[in-house]
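Open the model in your viewer and keep the selection tool ready. Each stop below says what to pick and what is there.

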Amino acid sequence: MLSIAESYDAIRSQAAVIERPDAAVIRVTGPDRAAVVGRLLARSTEFVAVDSCVDSLLLGPDGQVKGLATALIGTETIWLVSDAEADWIDLLSDAAEGLEAVAEVAPELRALHVEGPRSWQVAGDYTGDTPIEDLLLGELVTTRADGEQILVARSGSTAEFGYLLVLPEGGLRDEVVAAAERLGGGLIDPEVLPLVHIETNHPVLPQQTRDCTVLEAGLGWFISFDRSDGFIGDQVCQLPAPHRRVVAAQLDGEPPSLDAEVRDGDVVVGRVQVVAPRADRPQSLVLLLLEDPYGVPGLDLTVDGRPAHTLSRPVIRPRSWTMSIGDESA
């Protein structure tokens, strides 16, 4: 596994393999599979085409955030790649109750994310007859390797090129890691993910929603609030307008402590909500939970007596934005 600094460089410059041992692959089958997935996800998949993918928050019955999932919409099966808390898995049977469908964890499958400017050079070995440059953002292909089914979706969380691979347990995982290593990347330390996710406005869970609502956390875009069908945790649709907001901020040197006070002069206006590692960078990035009207970019505040500047996101210009998939000379 790469160090945190090496992991950051792999994501932003080469090809990084992101493996989360706690992630589960859930298989939903049967005639009513779409209805089951509709109950499980906070974001609607009603009009999502076959061979597509979509990200959604996962909520508990009380409306609290339990995790994030990517739904892979296949022809006869829908897969959910979920990082939800363990008690959310217990809701699978409830979601299928009264419907002709089965929702179950598929322990024989493993999910790997490959992200970075050169990630397509890794994922391209597993897209079968579909050239990697033809796989568009949000699309899914189903192929086979060594007689085993493989799913490849173009989806990511770092604003670089990204692919989600669902593979059988076994040697293919090592093949993927080895391919990334040959490009100068490899298996990253997941401790770096809060940093790259803050940079690109991807959720940092569960920290980002700690003691605040999904609207205050700025995660409403992972929920379909205008749905007419019910879903687990749908009381979030009745949340009042937020009076606090999460915003990114930058400080020189080491990151501040979690829950450190944020001040405008002598007035306390919020706290540090999420802390990320520096990854050998000169500045630190954090998420602040600020009272209105302070939850906006472009403000100079103090955190633990140190200057902090709030930022719009993304705070970087990903290398992938100036590269072309399929061009190995770049």
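**Stop one: the largest pocket**

By class, 14 nonpolar, eleven polar and eight charged residues make up the lining of the largest pocket. This is a predicted model.

Select Arg20, Asp83, Leu193, His197 and Leu205. Of the 33 residues that line the largest pocket, these lie nearest its centre. Colour S4 next. The largest share of the lining, six residues, comes from S4. The space in this pocket is about 710 Å³.

**Stop two: the second largest pocket**

Now move to the second largest pocket, with a volume of about 580 Å³. Select Asp55, Leu137, Ser155, Gly156 and Ser157, the closest to its centre among 23 lining residues. Then show strand S3 (residues 52-59). S3 gives the most to this lining, with three residues. By class, the lining of the second largest pocket has nine nonpolar, ten polar and four charged residues.

**Stop three: Ser224**

Go to the loop between H7 and strand S12 (244-252), and pick Ser224 there. Is Ser224 buried or exposed? Ser224 is buried, because its relative accessible area is 13%, and buried means under 20%.

Which residues is Ser224 in contact with, leaving aside its neighbours within four places in sequence? Select Ala42, Arg43, Ser44 and Phe231 to see them. Finish by zooming in on Ser44. Its backbone nitrogen lies 2.8 Å from a polar atom of the Ser224 side chain.

Key:
Residues numbered from 1 in each chain as written. Predicted model: local features only at pLDDT ≥ 70, side-chain atom pairs only at ≥ 80, totals over all residues. Heavy atoms only, no water. 1 Å grid on protein atoms, 1.4 Å probe; cavity = no way out; pocket = protein on both sides within 12 Å on 5 of 7 lines; lining within 4 Å. Points joined across faces, edges and corners; volume = space filled by probe spheres on them. Helix = DSSP H or I, 4+ residues; strand = E, 2+ residues; numbered from the N terminus. Nonpolar A, V, L, I, M, F, W, Y, C, P; charged D, E, K, R; others polar. Buried < 20%, exposed > 50% of the residue type's maximum accessible area, 1.4 Å probe, protein only. Polar contact = N/O pair within 3.5 Å; in protein donor to acceptor, adjacent residues only side chain to side chain. Contact = heavy atoms within 4.5 Å.
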